[in-house]
Structures are given as structure tokens and as C-alpha cells.
Amino acid sequence: MGLPLEGIEEVPAPPEGVLLAAVTAAEPIEGTQLTKLTLDVGLHGTKTIASGAPNAVGLPAGTMVALVTPGTKLGDVEYGVRTMQGVESWGMAASAKELGVGETSAGLMLFPWGTATPGTPMRDLWPADSVLDVEVTPNRADVLSALGLARDLAAFLKLELVEPEAGPQPSGAGEIRVTLPPRGVTLERDPSQKIRFGCDHFAARTVNGLQNGPAPLWMQRRLTLSGMRPIDLIVDTSNYVMLELGQPTALYDRRDVTDDQILVAFGLRQGEIVRDLLGNEHLVGPEDLLILDGREVRIPTVAEAFAAAGQPKPGQGVLGIAGIVGGEHGHVRADTENVVIESAHFDPVLLRRTSTRLGLKTDAVYRYERGVDPLLAPRGANRVAGLLAQSGGGQPDPGATLVGQPEVPGPIEATGDQIRALLGMEIGTAEMVDILTRLGCRVEQSGDHLTVTPPSWRVDMSLWQDVAEEVARLHGYAHLPETLPTLRVHTSNLGAEQASQERATLRRTLSGLGFQEVVTYTFTSDEEAGKARSERPGVRLCNPLTADRTGMRTALYPSLLKAAQVHPKGERVLLFEIGRIFPASGEEERLGLLMRGPLAPQTHAPGVAGSFGVFKGLVEALAGSLGAELDIRQVRGDAVPSALHPGIAGEVVWNGQGIGWLGALHPEIAQEFGLKGDTFLLEVALPLPGRPWAFRDPSRAPAAWRDLAVIAPDAVSYGGIAALLRREAGDLLESVEPFDVYVGAPIPEGQRSVAVRLVFRGQKTLTDAEVDPVMDRLIQAVRAQGWSIREK
């Protein structure tokens, strides 16, 4: 039915020998933190125990507890009669956790007088039970309650729904005046943002003459099985109605609701600290919705609000942060007799924004941010009033305050053919109407056309596809026909997989060359950026995980250097990472390579030592495997990236486009990271530039080799020499490769000799008569640059 059962938890009954006992007296034991409880245990007579539970202090006569009698075993402990501080303790009064019926261990289980006859076994009152764990998807807020789940089951199983008691129905106006904020409020600090309504429905009722104390056993039992901790009658009733109906409520001590007035407002008392029920403090912001009492309030100007934000002061008259948590002011106490019930509907986006900023995730906001029934507020208030009258002897005021006009789901147009085409199931239109009606929808049918008005609790239904989903869910997914899916590719998706395929090919090629992929954090810090001489992070994290991950990285190589730190010196390290960086110029994707240690260690045969030439060869092998043309151009002076050694740095030119750099790690950076020995890096932008290319048959003609030594100033790079030779040689030149660099006599000072090997190849075997004119042309071009040729 779309609500899968995740599991069933079996909760045992309390052990035999645990009896219900009534407190007749509670006296502190002087000089200790213990309390002497005198108990009526029915047929066992009057007994005494010494208890260290905090809620045993000052227990009123008539309160009932769960008593573990002598001879009863809980776990590995058997309880008996012990003398404690001069008190003969007959067993022990237990908490829910000690009895194995709940997780609460903060105090004794307390029940109101009249729960049952003293001496009644607790297992008769609190029998074993099963708790169903149902998975609820985020869009189905309507089933975050017993009523919602029962409503859905009744629709699916075609059973009658028995709803909870409605509570006393109001007649006339209530005693509390309520003022709501205007709709469409624009945030003063960001005029582009608007809050839809803040609060569009508010119900308030009062109950007077209450006797607060423990909630009835049946209510405590249901709350405990639902994972909640029973507190007292008033608080437990509010929690119980939330679990039963799905409507969060808040109850305030009427003594703190000044002039019987509640104000729901933005922008009041901004910059103040709101202290919640648990004593935690929260600094409210300009967009936070507050529940305020009726004392006179002046709305501050924007300047005043933000000036106050810098000088927070304790809030006065704040009953709570709307829909999230109640305030210390107005909270229910042990002596509370008169209460004001708040039951309202709040903007889910607003509450999610506030709760996230304040770090508050309560059961109430969990429901509000997913979508509470906008018409449920009055029913929630009436149900709370009825339960307080039933269990606490309170007298609900006949009237109720109801303000606001909530928005409810509007009608949805659909046709049976539309739904059948989407689902691929043959479902009659009449069956669709029956399914939707059972779900609470109002359906108007005209032939095959349906006008569906969802019930108020189904705020997730807004499109005809939502209607189709409900039809399929209750009709049964098991009836889906077994057919092969039809592949329909939209023209806009043609070639969409190319980028993913290119990355996969890049990863496979690098792995084949011996590199190992690493995936590192995209977070860094100013300290790490300083050590690596990379750009400092400009994108900062609002909630950093740790002090060394406070911003988004601006380069890949610092992450690779940290990954290389774990490898001992002398071990081969070949790493690569494909990831995103966030420099000031904008987010981009990069490829990073790192090499340390020998490419092949020495064994019985000479190894291959790591060097710039070896690293460059691996990069050239990568380019060759991907069918790309690679050129490495030496960079000098200010053009050298800050990460590289000034004398071993080059620009990576891929298919004619400069995409990044490679070279040896700067020695000072290596020292900062504790990396001894040579480390070589590459960092280039992705995607790699492509070019048209195709396979061709290898030439059957042999190659003709010529060597040429060019004497040029030190400032002239090999790349410049090779570019000149390629340009002047014509189509016969197949490749140019350097094989020797010489500096010293007889080469003039400030110059060097770069020897290159020229490979010529044609359609047939080349003769000297064909190659020599090309060589003469090359020599003339070299001399025309002011360079010279090194003679034999």
C-alpha cells in the first residue's frame, strides 16, 4: 500500500513480582539524598522503601508507583529487603527502563490515584505489546499519526474508520484574543524573499481548575511505546494528541498570558535571547516567528532590530518560537491549574528555515515542515481540552478562539485515459472514483473526466500524476503488468552520456598506467592553503566539520600531497583525483596527478628511478592512449605556478590548448608537508579538449633519421626550437625528439646545445636527395633566428 513495515519490536510486560503501590507518605531522610516512601501494597499491607529517584521528593499522597517486591529478579539482580540509612527498604520503586518497558531512567514511574487497586500486578495493567515500525516517506506527512495511518489502512482494506473522540465542541467566542501576522511579509534584510503566511490558522481554548500530576497509565503506556518520555498530565496530553491526530499543540500557564492575549508576529523584540523549556538559549533573527504574550509591544525599526542583534538580551514575554519549541516563560509547572491551548498551522518553509538556523529539530517541527492538515487546528485544541477534563478534572471554557483562513488543496483535473496511460494498467474509471473516494477525496465524474478535490490532510496532492499514484497504490502494485520497457530517448538527451564516458575512459587509462584513484575532502583551511601556496578559500562553510575544514578548496594538489604523506619514503606513489575546486574565478573540474619514488624498484635488474622525464613520459602515454596531441612548454619567472620548482615547470598543451601545468613540487612546500625526495605534480582543467581523429594504416616505408644540434641562448626552450623545426620541415617530418643537452666549452657562455633527432617518412623509401634539401632548409631557418649549428 506504499507504507512498508520496517520491523516489529516486541515489548515485554513487567516481570512477575512487580506490583502497583500507593504512596501514603514521602519523607526526606536527613543528611542524604534519599526519600523514605511509605506504601500501601494491598494484601501485603504497608511497606517502606528508600528511593534516590529525583521525582520521589515530595510525592503527594495517593501517587502510585511500580514496586519491585522482594524475591523479584530484574536481569541478574534479585531484590530483597535491605536496610538503607536506617530505613528497612522492602524492594524498590522502579523506572521504566529498570522494568524493561521503556528507555526512561530519569525517575520513578508515577501513576494517578485510582489507576487500580494497590497490590495489582503491573503485568495485568501493562501487558506485553508489539510496536510496528512503519516507514513514512517525506511527502506523506498525513500518516505521521495514528489517525492518519488508520485512515490509510481503512481505505486500503475497505474497513470502517473509527475516529478518536472529538472533544467538547465550542460555542461562542473564546477567552483568548489572538493576532496573526499579515500574509506575504517581505523580509527587510532581503526584499527578494517573502514569507507566504507565517501562521494562517490559530485555535485557542482555555481549561481551568486542572489538577496536574501523572498522566493516566493508558496514556503513559502509549507514549512510552511510541518512544516518548512521560512527564506530567498536561505535557503528556499535548504529546499524545500530536501522535494521535498529527496536530502539534502547545500549552501555556494562563498566569503568564498577559491580558489573555497572544500575538503571533515577526520583527518583534529582535536581537533577544529566547530561553526554551530546557533552559537552552536561542538568538532570534528578523525572520523568526514568535508566540508572544499580551504585554505592550513596540515594533522596532530595521536599524533597531539589527543593532539589538549585536547586543542580545533575555527575551521578555516570549511564550515560544512558533511551531518549534516552547519558551521558559509560560511553561507548565507542577502547580499549574489553568492552561491556554495553542493549536495552529504554520508555514512549513518558514519553520524549516528557522529550525535549521537555530539547530532545533523537535517532533513538532518534524511534522510542520512536512505539511500538517491546515484545517486540523480546532480539532486538536478540542481533543486536548477533552482529555484534560477527563483525566485532570479541568473545566474547558465553552468558547474557542479561531482566527485565520487556511489554504487547502484545490481541485485536480484528470482523465481515466491519462491515468491508465501513465500507469500502464487497465483500471476502470469507476474503480478510480471508488479508490479516491475511500481516500477522502471529493470526486466529480463526467464520462471519463474526473475533477478530484483532495481532503485537507493530503497537502501532497497537487498534480494529476499524484492522483494516478494514489490509484496505483490502492489498486496494488502487484497488478503492474510484466512488459519490457520502451526506450524513448528525447533529442535533447542525445550524447548526454558522453561526459560520463570520457571520465570513465580517463579513469581506466590512468589505472592502466599504474595510477591509483583517491577521493579526498573538498574542504580545506587557510592554514593548509598557506602551506601549499594555493589560493586561500573564498567559499566558507557555515557549519564546518572540523577546524581544518573551514572552506572549499581552490586547487587539487594539496589534497594529493596530504594523501601522499601516509606513504613511506622510497615507496612508489602514483595517485590521481578527479574533483571540483572553487577558486575566485569560479567552480571548475580538475584532474590532478602525483608521482613519488621509483617507477620500478631495483630487484635482480636495474629499476626505473622516478624523475621528471619518467613523469612526463606517463603523461605522454596518457595522451597517446586517448589519441591526443600533447606538448609541454617550459615556463619561467612569474609564469611558474607557485606550487612548482622554478626550474622544473611546464605548461600542458593538449590538442593545441593550454589546460594546466606539471612539474616538480617546490622544495619549500615539500618541506612543509614532510615529503622528502622528488615529488612531481600535474593539475589540468577538465574536460580535456578533443580533436577529430581516425585510425590509419601504418606506413610500410622505412624512416630516415637525422640528428641536428642547435646552439641557442639559454632563454630559448626546447619547445621553441621544436616548433620552428616542425614549421619549416613540411609533411615529410614525422617527429622531433631531444636526446642531449650540453653546456660548456666550446659552447659560448649563456648558450646551450640542444640535440634533436628528426624522423622523416614518406609514401616510399626516402633518398638522401629528398631529405638533404629539407635539412638545408632547417639549418637556414635556425641561422635566420640568430642561432647556430653545432658542427662535428
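This briefing walks through the chain from its overall build to a few single residues.

The model is predicted: local features need pLDDT of at least 70, side-chain atom pairs count only at pLDDT 80 or more, and totals for chains, interfaces and linings use all residues. Residues are numbered from 1 along each chain as its sequence is written, and side-chain values use heavy atoms, with hydrogens and water left out. The chain has 19 helices and 43 strands. Here helices (H or I, at least four residues) and strands (E, at least two) are DSSP runs, numbered from the N terminus.

**Overall build**

- The radius of gyration of the chain is 40 Å, while a compact globule of 792 residues would have one near 28 Å. This radius is taken over C-alpha atoms, and the globule rule is 2.2 Å times the number of residues to the power 0.38.
- The C-alpha trace spans about 125 × 80 × 60 Å along its principal axes.
- Of the 792 residues, 46% are buried. Buried means under 20% relative accessible area, exposed means over 50%, and partly exposed lies in between (1.4 Å probe, protein chains only).
- Take the contacts between residues at least 6 apart in sequence: 68% of them join residues at least 24 apart. A contact means heavy atoms within 4.5 Å.

**Surface and charge**

- The accessible surface comes to about 39,800 Å², and 51% of it belongs to carbon and sulfur atoms. Accessible areas come from the Shrake-Rupley method with a 1.4 Å probe; for residues, only the protein chains shown count as cover.
- The chain carries 73 positive and 98 negative charges, and their mean positions are 6 Å apart. Lys and Arg count as positive, Asp and Glu as negative; His and the chain ends are not counted. Each charge is placed at NZ of Lys, CZ of Arg, CG of Asp or CD of Glu.

**Nonpolar cores**

- The largest nonpolar core has 36 residues. Such a core is a set of buried Ala, Val, Leu, Ile, Met, Phe, Trp, Tyr and Cys residues joined through side-chain atoms within 4.5 Å.
- Among the residues with the most contacts inside this core are Phe202, Ile262, Val264 and Phe346.
- Elements that give two or more residues to this core include β16 (199-208), β25 (339-346) and α7 (348-358). Strand β18 gives the most, with 4 residues.
- Another core, of 27 residues, lies apart from this one; Leu510, Leu593, Leu662 and Leu686 are among its members.
- Leaving out residues up to four places away in sequence, Phe202 touches Ile262, Val264 and Ile291, among others.

**Cis peptide bonds**

- The bond from Leu686 to Pro687 is cis, with omega near 0°. Pro687 lies in the loop between β39 (679-685) and β40 (704-713).
- Ala745 and Pro746 are also joined by a cis bond, with omega about 5°. Pro746 lies in the loop between β41 (733-742) and β42 (751-760).

- Lys158 has a positive phi, near 60°, though it is not glycine. Lys158 sits in the loop between α3 (146-157) and β13 (177-179), and is exposed at 61% relative accessible area.
- Arg533, also not glycine, has phi near 60°. Arg533 sits in the loop between α14 (526-532) and β33 (551-552), and is partly exposed at 32%.
- Thr83 lies in strand β8 (residues 81-84) and is exposed, at 62% relative accessibility.
- Thr83 and Ala50 are 33 residues apart in sequence, and 8.6 Å apart in space, C-alpha to C-alpha.
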